Amino acid sequence: MTEELRYDGRVVIVTGAGGGLGRQHALMFGARGARVVVNDLGGGQTGGGGSSAAADKVVEEIRAAGGEAVANHDSVTDGARVVATALDAFGTVDVVVNNAGILRDVSFHKMTDQDWELLQDIHLNGTCAVTRAAWPVLREKGYGRIVMTTSAAGIYGNFGQANYAAAKLGIVGLANALAEEGRAKNIHVNTIAPIAASRMTETVFPKELLDRLRPEAISPLVGWLAHEACAETKGLFEVGAGYIAKLRWERSHGHRFGGTTDFTPDDVARHWAGITDFTDAEHPTTMNESLTAVQRTA
Ligand SMILES: NC(=O)c1ccc[n+]([C@@H]2O[C@H](COP(=O)([O-])OP(=O)(O)OC[C@H]3O[C@@H](n4cnc5c(N)ncnc54)[C@H](O)[C@@H]3O)[C@@H](O)[C@H]2O)c1
(Lines give C-alpha, C1' and ligand atoms only; values in the text may rest on other atoms or scores of the structure.)
Protein backbone atom coordinates (compact mmCIF):
# COMPACT_ATOMS: atom_id res chain seq x y z
CA MET A 1 0.00 0.00 0.00
CA THR A 2 1.41 3.40 -0.97
CA GLU A 3 1.42 6.39 1.34
CA GLU A 4 -1.70 8.59 1.36
CA LEU A 5 -1.54 11.57 -1.01
CA ARG A 6 -1.69 14.67 1.19
CA TYR A 7 -2.24 18.39 0.60
CA ASP A 8 -0.68 19.75 3.81
CA GLY A 9 0.26 23.38 3.32
CA ARG A 10 -1.80 23.63 0.14
CA VAL A 11 -4.72 26.03 -0.28
CA VAL A 12 -7.52 24.62 -2.40
CA ILE A 13 -10.52 26.50 -3.81
CA VAL A 14 -13.50 24.34 -4.77
CA THR A 15 -16.31 26.24 -6.47
CA GLY A 16 -19.90 25.12 -6.12
CA ALA A 17 -18.83 23.06 -3.11
CA GLY A 18 -22.01 23.48 -1.08
CA GLY A 19 -23.48 20.28 -2.52
CA GLY A 20 -23.13 17.53 -5.09
CA LEU A 21 -19.68 16.73 -6.47
CA GLY A 22 -18.03 19.91 -5.18
CA ARG A 23 -18.93 19.04 -1.59
CA GLN A 24 -17.24 15.64 -1.98
CA HIS A 25 -14.12 17.25 -3.45
CA ALA A 26 -13.97 19.75 -0.57
CA LEU A 27 -14.42 17.04 2.08
CA MET A 28 -11.67 14.95 0.48
CA PHE A 29 -9.19 17.85 0.38
CA GLY A 30 -10.11 18.85 3.94
CA ALA A 31 -9.55 15.30 5.21
CA ARG A 32 -6.10 15.20 3.57
CA GLY A 33 -4.62 18.32 5.11
CA ALA A 34 -5.52 21.08 2.64
CA ARG A 35 -6.88 24.43 3.73
CA VAL A 36 -10.09 24.65 1.74
CA VAL A 37 -12.17 27.54 0.42
CA VAL A 38 -15.71 26.22 0.08
CA ASN A 39 -17.38 28.46 -2.50
CA ASP A 40 -21.11 28.27 -3.11
CA LEU A 41 -23.77 30.91 -3.49
CA GLY A 42 -26.37 28.36 -2.49
CA GLY A 43 -28.54 29.02 -5.50
CA GLY A 44 -31.24 26.93 -7.08
CA GLN A 45 -30.44 24.36 -9.73
CA THR A 46 -31.38 26.73 -12.56
CA GLY A 47 -29.45 29.68 -11.18
CA GLY A 48 -31.97 31.57 -9.02
CA GLY A 49 -31.93 32.27 -5.28
CA GLY A 50 -28.97 32.47 -2.94
CA SER A 51 -28.28 31.32 0.60
CA SER A 52 -25.06 31.00 2.55
CA ALA A 53 -26.21 27.83 4.32
CA ALA A 54 -24.84 25.33 1.78
CA ALA A 55 -21.19 26.42 1.92
CA ASP A 56 -21.30 27.02 5.69
CA LYS A 57 -22.53 23.50 6.31
CA VAL A 58 -19.66 21.95 4.33
CA VAL A 59 -17.15 24.14 6.19
CA GLU A 60 -18.64 22.83 9.45
CA GLU A 61 -18.31 19.26 8.20
CA ILE A 62 -14.64 19.76 7.30
CA ARG A 63 -13.90 21.41 10.66
CA ALA A 64 -15.79 18.71 12.56
CA ALA A 65 -13.51 16.15 10.92
CA GLY A 66 -10.45 18.11 12.09
CA GLY A 67 -9.80 20.00 8.84
CA GLU A 68 -9.41 23.67 7.96
CA ALA A 69 -11.89 25.52 5.76
CA VAL A 70 -13.59 28.85 5.14
CA ALA A 71 -16.74 29.65 3.22
CA ASN A 72 -17.17 32.02 0.31
CA HIS A 73 -20.68 32.88 -0.86
CA ASP A 74 -19.95 34.87 -4.02
CA SER A 75 -20.91 33.78 -7.49
CA VAL A 76 -18.02 32.36 -9.49
CA THR A 77 -18.64 35.23 -11.89
CA ASP A 78 -17.08 37.38 -9.13
CA GLY A 79 -13.93 35.30 -9.37
CA ALA A 80 -11.70 37.92 -7.75
CA ARG A 81 -13.82 37.81 -4.58
CA VAL A 82 -13.63 34.01 -4.44
CA VAL A 83 -9.84 34.11 -4.70
CA ALA A 84 -9.66 37.06 -2.26
CA THR A 85 -11.24 34.80 0.38
CA ALA A 86 -8.36 32.33 -0.07
CA LEU A 87 -5.75 35.09 0.10
CA ASP A 88 -7.34 36.77 3.13
CA ALA A 89 -7.83 33.54 5.09
CA PHE A 90 -4.76 31.53 4.07
CA GLY A 91 -2.41 33.93 2.26
CA THR A 92 -2.18 32.05 -1.05
CA VAL A 93 -3.81 29.59 -3.42
CA ASP A 94 -2.36 26.40 -4.93
CA VAL A 95 -5.30 24.50 -6.40
CA VAL A 96 -8.47 25.64 -8.13
CA VAL A 97 -11.25 23.15 -8.78
CA ASN A 98 -13.80 24.81 -11.07
CA ASN A 99 -16.96 22.85 -10.41
CA ALA A 100 -19.88 25.25 -9.91
CA GLY A 101 -22.67 24.98 -12.41
CA ILE A 102 -26.34 25.04 -13.26
CA LEU A 103 -28.61 23.69 -15.96
CA ARG A 104 -31.34 25.26 -18.08
CA ASP A 105 -32.23 22.45 -20.44
CA VAL A 106 -34.40 23.55 -23.33
CA SER A 107 -34.44 22.69 -27.02
CA PHE A 108 -32.60 25.22 -29.19
CA HIS A 109 -35.71 26.53 -30.93
CA LYS A 110 -37.28 27.40 -27.55
CA MET A 111 -34.11 28.72 -25.88
CA THR A 112 -34.25 32.35 -24.68
CA ASP A 113 -31.33 34.78 -24.71
CA GLN A 114 -31.27 34.48 -20.92
CA ASP A 115 -31.06 30.66 -21.07
CA TRP A 116 -28.00 31.05 -23.28
CA GLU A 117 -26.31 33.93 -21.50
CA LEU A 118 -26.75 32.63 -17.97
CA LEU A 119 -25.15 29.30 -18.86
CA GLN A 120 -22.17 30.96 -20.58
CA ASP A 121 -21.88 33.31 -17.64
CA ILE A 122 -21.79 30.78 -14.83
CA HIS A 123 -19.92 27.92 -16.52
CA LEU A 124 -17.50 29.55 -18.97
CA ASN A 125 -17.17 33.11 -17.65
CA GLY A 126 -17.28 31.91 -14.04
CA THR A 127 -14.54 29.33 -14.65
CA CYS A 128 -12.48 32.00 -16.40
CA ALA A 129 -13.09 34.60 -13.68
CA VAL A 130 -11.95 32.40 -10.78
CA THR A 131 -9.01 30.98 -12.72
CA ARG A 132 -7.90 34.42 -13.94
CA ALA A 133 -7.93 35.81 -10.40
CA ALA A 134 -5.79 32.90 -9.17
CA TRP A 135 -3.46 32.84 -12.20
CA PRO A 136 -1.00 35.62 -11.18
CA VAL A 137 -0.58 33.99 -7.74
CA LEU A 138 0.14 30.60 -9.32
CA ARG A 139 2.53 32.10 -11.87
CA GLU A 140 4.36 34.04 -9.18
CA LYS A 141 4.90 30.95 -7.01
CA GLY A 142 5.66 28.68 -9.99
CA TYR A 143 3.12 26.11 -8.91
CA GLY A 144 -0.53 25.43 -9.57
CA ARG A 145 -3.05 22.69 -10.19
CA ILE A 146 -6.33 23.53 -11.92
CA VAL A 147 -9.15 21.08 -12.49
CA MET A 148 -11.95 22.10 -14.83
CA THR A 149 -15.36 20.43 -15.04
CA THR A 150 -16.87 19.77 -18.45
CA SER A 151 -19.60 17.34 -19.48
CA ALA A 152 -20.29 14.54 -21.93
CA ALA A 153 -23.12 16.81 -23.11
CA GLY A 154 -20.48 19.18 -24.49
CA ILE A 155 -18.04 16.54 -25.74
CA TYR A 156 -20.63 14.46 -27.57
CA GLY A 157 -23.63 16.80 -27.89
CA ASN A 158 -27.00 16.21 -26.28
CA PHE A 159 -30.55 17.15 -27.18
CA GLY A 160 -31.87 20.14 -25.24
CA GLN A 161 -28.47 21.23 -23.94
CA ALA A 162 -27.09 23.61 -26.57
CA ASN A 163 -26.44 26.34 -24.00
CA TYR A 164 -24.80 23.94 -21.52
CA ALA A 165 -22.86 22.00 -24.18
CA ALA A 166 -21.37 25.16 -25.69
CA ALA A 167 -20.31 26.52 -22.31
CA LYS A 168 -18.88 23.17 -21.22
CA LEU A 169 -16.80 22.68 -24.36
CA GLY A 170 -15.68 26.29 -24.09
CA ILE A 171 -14.17 25.26 -20.76
CA VAL A 172 -12.15 22.52 -22.52
CA GLY A 173 -10.79 25.12 -24.95
CA LEU A 174 -9.86 27.36 -22.04
CA ALA A 175 -8.16 24.45 -20.28
CA ASN A 176 -6.17 23.47 -23.38
CA ALA A 177 -4.83 27.00 -23.85
CA LEU A 178 -4.05 27.47 -20.15
CA ALA A 179 -2.24 24.12 -20.04
CA GLU A 180 0.14 25.51 -22.69
CA GLU A 181 0.49 28.91 -20.98
CA GLY A 182 0.98 27.30 -17.56
CA ARG A 183 3.48 24.64 -18.64
CA ALA A 184 6.66 26.62 -17.96
CA LYS A 185 5.37 27.72 -14.55
CA ASN A 186 4.48 24.23 -13.30
CA ILE A 187 0.77 25.04 -13.55
CA HIS A 188 -1.11 21.93 -14.70
CA VAL A 189 -4.60 22.20 -16.11
CA ASN A 190 -6.83 19.15 -16.57
CA THR A 191 -10.51 18.62 -17.22
CA ILE A 192 -12.98 16.03 -15.99
CA ALA A 193 -16.32 15.01 -17.49
CA PRO A 194 -18.10 13.42 -14.52
CA ILE A 195 -21.21 11.29 -14.32
CA ALA A 196 -22.72 11.10 -10.83
CA ALA A 197 -25.93 11.31 -8.91
CA SER A 198 -26.70 14.86 -7.79
CA ARG A 199 -29.67 17.17 -7.92
CA MET A 200 -28.45 18.02 -11.43
CA THR A 201 -28.96 14.45 -12.68
CA GLU A 202 -31.74 13.15 -10.41
CA THR A 203 -34.36 13.82 -13.07
CA VAL A 204 -32.13 12.61 -15.94
CA PHE A 205 -31.17 9.06 -14.88
CA PRO A 206 -33.34 6.24 -13.51
CA LYS A 207 -33.21 5.64 -9.72
CA GLU A 208 -31.44 2.23 -9.99
CA LEU A 209 -28.62 3.85 -11.94
CA LEU A 210 -28.43 6.92 -9.66
CA ASP A 211 -27.92 4.63 -6.65
CA ARG A 212 -24.74 3.35 -8.30
CA LEU A 213 -23.44 6.76 -9.47
CA ARG A 214 -22.11 7.99 -6.17
CA PRO A 215 -20.60 11.53 -6.19
CA GLU A 216 -17.74 10.23 -4.01
CA ALA A 217 -16.50 8.31 -7.08
CA ILE A 218 -15.46 11.55 -8.82
CA SER A 219 -13.23 13.09 -6.14
CA PRO A 220 -10.31 10.58 -6.26
CA LEU A 221 -9.49 11.65 -9.84
CA VAL A 222 -9.75 15.32 -8.86
CA GLY A 223 -7.47 14.61 -5.91
CA TRP A 224 -4.80 12.98 -8.07
CA LEU A 225 -4.92 15.69 -10.77
CA ALA A 226 -4.61 18.34 -8.04
CA HIS A 227 -1.58 16.70 -6.41
CA GLU A 228 1.98 17.94 -6.81
CA ALA A 229 3.12 14.41 -7.75
CA CYS A 230 0.81 14.34 -10.80
CA ALA A 231 2.63 15.30 -14.02
CA GLU A 232 -0.50 15.17 -16.17
CA THR A 233 -1.57 18.38 -17.91
CA LYS A 234 -3.99 19.18 -20.75
CA GLY A 235 -5.79 15.90 -20.04
CA LEU A 236 -9.48 15.23 -20.49
CA PHE A 237 -11.05 12.41 -18.50
CA GLU A 238 -14.40 10.69 -18.22
CA VAL A 239 -15.13 9.58 -14.69
CA GLY A 240 -18.02 7.96 -12.84
CA ALA A 241 -19.07 4.95 -10.77
CA GLY A 242 -15.47 3.80 -10.36
CA TYR A 243 -14.57 4.17 -14.04
CA ILE A 244 -11.83 6.58 -15.19
CA ALA A 245 -10.63 6.94 -18.79
CA LYS A 246 -8.69 9.48 -20.83
CA LEU A 247 -9.96 11.06 -24.03
CA ARG A 248 -7.94 12.42 -26.97
CA TRP A 249 -8.52 13.81 -30.42
CA GLU A 250 -8.32 11.40 -33.31
CA ARG A 251 -7.70 12.62 -36.87
CA SER A 252 -8.17 10.42 -39.90
CA HIS A 253 -5.07 9.87 -42.02
CA GLY A 254 -6.84 12.05 -44.56
CA HIS A 255 -6.64 12.45 -48.29
CA ARG A 256 -4.08 14.66 -50.00
CA PHE A 257 -5.12 16.51 -53.12
CA GLY A 258 -1.52 17.67 -53.21
CA GLY A 259 -1.12 21.35 -52.43
CA THR A 260 -3.22 22.24 -55.43
CA THR A 261 -6.20 24.58 -55.54
CA ASP A 262 -7.74 23.06 -58.65
CA PHE A 263 -9.89 20.43 -57.00
CA THR A 264 -13.62 20.72 -56.79
CA PRO A 265 -16.54 19.73 -54.54
CA ASP A 266 -16.93 16.74 -56.89
CA ASP A 267 -13.38 15.61 -56.08
CA VAL A 268 -14.11 15.97 -52.36
CA ALA A 269 -17.26 13.86 -52.77
CA ARG A 270 -15.31 11.23 -54.72
CA HIS A 271 -12.69 10.92 -51.97
CA TRP A 272 -15.11 11.21 -49.04
CA ALA A 273 -14.67 7.59 -47.92
CA GLY A 274 -10.89 8.10 -47.70
CA ILE A 275 -11.16 11.49 -45.96
CA THR A 276 -13.37 9.98 -43.24
CA ASP A 277 -11.53 6.63 -42.93
CA PHE A 278 -9.87 6.26 -39.52
CA THR A 279 -7.45 3.52 -40.57
CA ASP A 280 -3.93 4.77 -39.66
CA ALA A 281 -5.47 7.63 -37.66
CA GLU A 282 -3.25 10.22 -35.99
CA HIS A 283 -3.57 11.77 -32.53
CA PRO A 284 -2.21 15.31 -32.60
CA THR A 285 -1.86 16.93 -29.18
CA THR A 286 -0.56 20.39 -30.05
CA MET A 287 -1.11 23.10 -32.67
CA ASN A 288 2.30 22.27 -34.12
CA GLU A 289 1.51 18.58 -34.45
CA SER A 290 -1.80 19.54 -36.01
CA LEU A 291 -0.10 21.77 -38.57
CA THR A 292 2.35 19.10 -39.76
CA ALA A 293 -0.30 17.44 -41.94
CA VAL A 294 -1.00 20.64 -43.82
CA GLN A 295 2.72 21.45 -43.98
CA ARG A 296 3.41 17.99 -45.49
CA THR A 297 0.82 18.70 -48.17
CA ALA A 298 1.52 22.34 -48.98
N1 LIG B 1 -23.63 15.19 -11.92
C2 LIG B 1 -23.27 14.86 -13.14
O3 LIG B 1 -23.51 13.72 -13.63
C4 LIG B 1 -22.54 15.83 -14.00
C5 LIG B 1 -22.31 15.49 -15.35
C6 LIG B 1 -21.56 16.33 -16.14
C7 LIG B 1 -21.06 17.51 -15.60
N8 LIG B 1 -21.35 17.83 -14.29
C9 LIG B 1 -20.80 19.08 -13.78
O10 LIG B 1 -20.27 18.87 -12.48
C11 LIG B 1 -20.36 20.09 -11.72
C12 LIG B 1 -21.04 19.80 -10.40
O13 LIG B 1 -22.38 19.40 -10.64
P14 LIG B 1 -23.28 18.63 -9.59
O15 LIG B 1 -23.83 17.45 -10.31
O16 LIG B 1 -22.57 18.43 -8.32
O17 LIG B 1 -24.49 19.68 -9.43
P18 LIG B 1 -25.09 20.40 -8.14
O19 LIG B 1 -26.23 21.23 -8.63
O20 LIG B 1 -25.36 19.39 -7.06
O21 LIG B 1 -23.89 21.30 -7.62
C22 LIG B 1 -23.53 22.50 -8.24
C23 LIG B 1 -23.23 23.52 -7.16
O24 LIG B 1 -22.80 24.73 -7.79
C25 LIG B 1 -23.37 25.81 -7.08
N26 LIG B 1 -23.44 26.98 -7.94
C27 LIG B 1 -24.27 27.20 -8.97
N28 LIG B 1 -24.04 28.40 -9.52
C29 LIG B 1 -23.01 28.95 -8.83
C30 LIG B 1 -22.33 30.19 -8.91
N31 LIG B 1 -22.65 31.10 -9.84
N32 LIG B 1 -21.33 30.43 -8.04
C33 LIG B 1 -21.01 29.53 -7.08
N34 LIG B 1 -21.65 28.35 -6.93
C35 LIG B 1 -22.64 28.07 -7.81
C36 LIG B 1 -24.73 25.32 -6.66
O37 LIG B 1 -25.27 26.08 -5.57
C38 LIG B 1 -24.46 23.86 -6.31
O39 LIG B 1 -24.16 23.68 -4.93
C40 LIG B 1 -21.12 21.07 -12.62
O41 LIG B 1 -20.19 21.90 -13.29
C42 LIG B 1 -21.82 20.18 -13.62
O43 LIG B 1 -22.11 20.86 -14.82
C44 LIG B 1 -22.06 17.02 -13.48
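These legends go with close-up views of a predicted model.

**View 1. Helices α4 and α6 packed side by side**. Here we're looking at α4, which covers residues 113–141, against α6, residues 162–182. Their axes sit 8 Å apart and meet at an angle of about 20°. Angles under 35 degrees count as roughly parallel, so that's what we call α4 and α6. The crossing of α4 past α6 is right-handed. On the α4 side, the contact uses Asp-115, Trp-116, Leu-119, Gln-120, His-123, Leu-124, Thr-127, Cys-128, Thr-131 and Trp-135. Across from them, α6 brings Ala-162, Asn-163, Tyr-164, Ala-166, Ala-167, Lys-168, Gly-170, Ile-171, Leu-174, Leu-178, Glu-181 and Gly-182. Sort the residues of this contact by class and you get twelve nonpolar, seven polar and three charged.

**View 2. Helices α1 and α2, another packed pair**. Helix α1 runs over residues 20–31 and helix α2 over residues 53–64. The two pack at an angle of about 25°, and 9 Å separates their axes. That angle makes α1 roughly parallel to α2, and their crossing is right-handed. What does each helix put into the contact? From α1 come Arg-23, Ala-26, Leu-27 and Gly-30, and from α2 come Val-58, Glu-61 and Ile-62. By class, the contact of α1 with α2 holds four nonpolar residues, one polar and two charged.

**View 3. Ser-107 in its loop**. Ser-107 belongs to the loop that links β4 (95–97) to α4. Is Ser-107 buried or exposed? Its relative accessible area is 15%, and buried means under 20%, so Ser-107 counts as buried. If you skip neighbours within four places in sequence, the contacts of Ser-107 are Phe-159 and Gly-160.

**View 4. Two cysteines, Cys-128 and Cys-230**. Cys-128 is one of the α4 residues in the contact with α6. With 27% relative accessibility, Cys-128 counts as partly exposed. Cys-230, at 1%, counts as buried. How many disulfides are there, taking a pair of cysteine sulfur atoms within 2.5 Å as the rule? The count is zero.

**View 5. Val-239 and its surroundings**. Val-239 is part of strand β7, residues 236–240. Its relative accessibility is 3%, so Val-239 counts as buried. Apart from neighbours within four places in sequence, Val-239 is in contact with Ile-192, Ala-193, Pro-194, Ile-195, Ala-217, Ile-218, Leu-221 and Ile-244.

**View 6. Positive phi at Lys-234 and Asp-280**. Lys-234 has a phi near 65° and sits in the loop between α8 (219–225) and β7. Its relative accessibility of 24% makes Lys-234 partly exposed. Asp-280 has a phi near 60°, and you'll find Asp-280 in the loop between α10 (272–275) and α11 (287–297). Exposed means over 50% relative accessible area, and Asp-280 has 59%, so Asp-280 counts as exposed.

Methods. Residues are numbered from 1 along each chain as its sequence is written. This is a predicted model: local features need pLDDT of at least 70, side-chain atom pairs count only at pLDDT 80 or more; totals for chains, interfaces and linings use all residues. Side-chain values use heavy atoms; hydrogens and water are left out. Axes are lines fitted to C-alpha atoms, for helices over the stretch in contact, and angles run from 0 to 180 degrees between N-to-C directions. Helices (H or I, at least four residues) and strands (E, at least two) are DSSP runs, numbered from the N terminus. Angles under 35 degrees count as roughly parallel, over 145 as roughly antiparallel, 65 to 115 as roughly perpendicular and the rest as oblique. A crossing is left-handed if the near helix is turned anticlockwise from the far one by less than a right angle, and right-handed if clockwise. Contact means heavy atoms within 4.5 Å. Ala, Val, Leu, Ile, Met, Phe, Trp, Tyr, Cys and Pro count as nonpolar, Asp, Glu, Lys and Arg as charged, and the others, Gly among them, as polar. Buried means under 20% relative accessible area, exposed over 50%, partly exposed in between (1.4 Å probe, protein chains only). A disulfide is a pair of cysteine sulfur atoms within 2.5 Å.
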